[in-house]
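These are my notebook entries on what I looked up in one structure.

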Amino acid sequence: MSRAKGAIVGIGELKPQRLTSGLTTLEMIAEVSRLAVLDAGLEPAAIDGLLVGPQVGETPQHVPATIAEYLGLAPTMANVVDLGGASGAGMVWRAAAAIEAGMCDAVLCVLANNREEVAPRSPNRNPIREFDVPFGASGANISYALLMQAHMAEYGSTARDFALIAAAARANAQLNPDAIFYGKPADVEAVLASPMIASPLHLLEIVMPVAGGEAVVVTSTERARSLRKPPVHLLGAGEKVTHRAVSQAPSLTSGPLKSAMARAFQQSGTRADEMDLLSLYDCYTIMVATTIEDAGLCAPGAFGAWLNDHDLSHKGAKPLNTHGGQLGFGQPDLAGGMTHIVEAVRQLRGEAGERQIGKAGLALVTGNGATMSEATALVLGAA
Amino acid sequence: MPIDLNTLKTAGPTITALTRPFWDAATDGRLTIQHCEECGRAIFYPRPICPHCWSKRLVWKDASGRGRLKSFSEVHKPGHPGWLPAAPYVVGLVELAEGPTMLSFILPGTRPQQIGDMLLLAPTAIGGRVLPAFIPVESRAEEKPQ
């Protein structure tokens, strides 16, 4: 295996909630950042790198400076990572790269969002707004429905195949008291019986939007050795961005994660079938289906049979999204992608409690943004 | 009784000086798209440079209006409230005969649509503006999907 590029040494997570009344995103960023830095056992002043998301709540511009000031930090590297659901994974390798480049030593990567009863409509003035919205295609549901329909037509995959993914996520969420669907399992029949939103996509195949926050602290492997928690090493990473609107997607049945994962495996000297945990971005069931196929875990079109053949729980040989995934945990906007990183760190540290997987040496984490457009993959390893 | 799509209170296009020829043609019931004189490819949506070769030698040409349904969705819960009275309705990805793909509104044919259906341009007044919608054509052409 190749040399680690950096280490995740601290994690923080806020319990998701449907609505926040009066809470600002900056306040939530402060809460979750504190948790991650405490977990790392670092003094706040030791944080000299800061990676944040775009358009944080009330702050559309100067986001890193606003957050640095709010947290009392004076970073020597500060930036926005704007890759939708791939932002969290995109932050981790950028943090390691910035440390390697000598710009900083300990990077806080943080994403959070509040959620009010009435959300403002998107202020988009871009090609999607001009060429998709006037025809009745607003929002991500329709875009992912188009991907799902194409997969079904090309490979004969069935509604039941996709429902397996949502049911598995709900089952895993029953071991995560923080998950929004804790205490609310849903089997395949329930998923298929849920309302059709945009055919062939059912309601329970779509993440529940929630408020929440996630943070990780990244430092060098050398520095990580002296910190309080077992480090989780970044062994490989890959990224690819291909389009924004679904009409411009180079393929409807395979995405940029294919290339991103291949690079992450190549950098880390690992293979998909060696992963002890699959922490795969799951905004919709189709996203997991495509990722399983693009990872090479099964042939294109064969994800349904693969799911049927594997136990996806923490007890199985192919644990998938043991925190419940976003389909079971809830999607705290851009922070949703970071839940897959935080859970992988818990598992690789052996801190996952009653949902701890057996062998926990390697984890694949994926992030996906827009319509299977922005992709980042990480291979993480226990120290 | 299907509703009159023209009465919908939907969001119209956010037209720019560059994209105006596309929307002006749409109002006339035509579909016009840019072609690159450098690499010979047709492009969608309109841009100041060709996304394939970055040439600025782009010219507008009327498209044939023929296309193939690459994917579709019957929308039951629209993302924009203006579309609620029309639900369920169908949107689809239309692979134009000229090459590029655009998203459009798919009018009902005589039978349920399927991926691979051949489509024809069917200018339709939606929300107070004529848009380049498409309709499945009866005889499914022999052409293999690309």
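This is a predicted model: local features need pLDDT of at least 70, side-chain atom pairs count only at pLDDT 80 or more; totals for chains, interfaces and linings use all residues.

**Entry 1, a hairpin in chain B.** I began with B:Gly127, which takes a positive phi near 60° in the hairpin of β7(B) and β8(B), where two residues lie between the strands. I noted that helices (H or I, at least four residues) and strands (E, at least two) are DSSP runs, numbered from the N terminus. Strand β7 (residues 118-126) of chain B and strand β8 (residues 129-136) of chain B run antiparallel and are joined by eight bridges, and two strands pair if DSSP finds at least two bridges between them. I looked up one of these bridges and found that B:Pro123 has B:Pro132 as its partner in β8(B).

Residues are numbered from 1 along each chain as its sequence is written, and chains are lettered from A and ligands numbered from 1 in the order in which they are written.

Most residues other than glycine have a negative phi, and most peptide bonds are trans. I found a cis peptide bond between A:Ser199 and A:Pro200, with omega about 5°, and A:Pro200 sits in the loop between β5 (196-198) and β6 (201-202) of chain A. The bond from B:Ala87 to B:Pro88 is also cis, with omega near -5°, and B:Pro88 lies in the loop between β4 and β5 of chain B. A:Asp333, a residue other than glycine, has a positive phi near 50°, and its place is the loop between α12 (325-329) and α13 (336-349) of chain A. Is A:Asp333 buried or exposed? It is buried, because 21 other C-beta atoms lie within 10 Å, and the cut-offs are 20 or more for buried, 12 or fewer for exposed and partly exposed in between, with C-beta atoms placed from the backbone.

I traced an open sheet of nine strands with mixed pairing, in the order β3-β2-β4-β7-β1-β8-β11-β10-β9. At its edges stand β3 (77-80) and β9 (277-279) of chain A, each with a single partner strand, so one side of each has no neighbour in the sheet.

The axes of helix α6 (residues 159-173) and helix α10 (residues 285-294) of chain A come within 9 Å and cross at roughly 105°; axes are lines fitted to C-alpha atoms, for helices over the stretch in contact, and angles run from 0 to 180 degrees between N-to-C directions. The two helices are therefore roughly perpendicular to each other, a label for 65 to 115 degrees, whereas under 35 is roughly parallel, over 145 roughly antiparallel and the rest oblique.

How many residues of chain B are in contact with chain A? I noted 29 residues of chain B in contact with 27 residues of chain A, where contact requires C-beta atoms, placed from the backbone, within 7 Å. On the side of chain B that touches chain A, β4(B) gives the largest share, six residues.

Conventions. Two residues are in contact if their C-beta atoms, placed from the backbone, lie within 7 Å.
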